[in-house]
Amino acid sequence: MKLSLPLLLLLGAWAAPGGFGDKASLSATAPQLDEEEKYSAHMPAHLRCDACRAVSYQMWHHLAKAEAKLHTPDSRGQQELSESVYTDILDRSCSQNWQDYGVREVNQVKHLTGPGLSKGPEPSISVMITGGPWPNRLSATCFHYLGEFGEDQIYKAHQQGQGALEALLCGGSQGACLDKETATREEL
């Protein structure tokens with residue numbers, strides 16, 4: 001019987017650090033997805049902030065990687081991409097396969113998980129559902145932001161830093177990461 005390395009590592013996580021006879025009981029269940037999470041073509045509202053943060057991270061990552069390959073810095077000492085290059089890079093960042101992302105449930109709250117989405121301590125064990133509708137939803141979300149803000153505005157925010165890009169895409173009065181409590185107070 002041949003076991004893959006990830007499965008062996010997962011099985012190894014169940015052995016407690018006290019010896020071969022001591023075993024800790026760890027369990028995790030897959031998130032129970034509702035109808036919208038399973039079948040909707042759109043990103044469910046409660047996952048839009050995570051999706052926006054994932055898109056922001058991927059745009060920033062792809063642009064930063066391309067800038068690092070440049071040999072000529074601009075007058076401020078930064079690597080600056082031409083418009084045709086950053087337009088192409090942003091399009092490719094939205095067209096990627098998004099297979100590293102999925103949904104998991106921690107403390108009875110569902111979140112997208114993947115590169116750029118870590119929010120503090122990770123659970124000791126969890127189950128992540130990947131594939132299915134998530135890659136298409138993330139790609140559609142990415143192209144939505146590309147259309148809404150445009151390549152020029154996104155690249156300018158990127159040049160100010162990863163936080164500025166996330167603030168542009170996900171913040172603001174209509175942003176996906178708008179604090180609901182703040183919005184309620186403003187409405188009163």
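## H3 against H5

The crossing of H3 and H5 is right-handed, a crossing being right-handed if the near helix is turned clockwise from the far one by less than a right angle, and left-handed if anticlockwise. Helices (H or I, at least four residues) are DSSP runs, numbered from the N terminus. The two helices pack at an angle of about 50 degrees with their axes 10 Å apart, where axes are lines fitted to C-alpha atoms over the stretch in contact and angles run from 0 to 180 degrees between N-to-C directions. H3 and H5 are therefore oblique to each other; angles under 35 degrees count as roughly parallel, over 145 as roughly antiparallel, 65 to 115 as roughly perpendicular and the rest as oblique.

Contact (heavy atoms within 4.5 Å) involves, among others, Ala 51, Val 55, Trp 60 and Glu 67 of H3, and Leu 138, Tyr 145, Ile 154 and His 158 of H5. By class, this contact has 14 nonpolar, three polar and one charged residues, with Ala, Val, Leu, Ile, Met, Phe, Trp, Tyr, Cys and Pro counted as nonpolar, Asp, Glu, Lys and Arg as charged, and the others, Gly among them, as polar.

## Basis of the model

This is a predicted model, in which local features need pLDDT of at least 70 and side-chain atom pairs count only at pLDDT 80 or more, while totals for chains, interfaces and linings use all residues. Residues are numbered from 1 along each chain as its sequence is written, and side-chain values use heavy atoms, with hydrogens and water left out.

The crossing is right-handed, and the residues making the contact include Phe 149 and Ala 157 of H5, and Leu 165 and Leu 168 of H6.

## The largest pocket

The largest pocket has a volume of about 570 Å³. On a 1 Å grid over the protein atoms alone, a pocket is an open set of points where a 1.4 Å probe fits, with protein on both sides within 12 Å along at least five of seven lines, and lining residues have an atom within 4 Å of a point. Grid points are joined across faces, edges and corners, and the volume is the space filled by probe spheres set on them.

Of the 25 lining residues, the closest to the centre are Arg 48, Tyr 145, Gln 174, Gly 175 and Ala 176. H5 gives the most to the lining, with seven residues.
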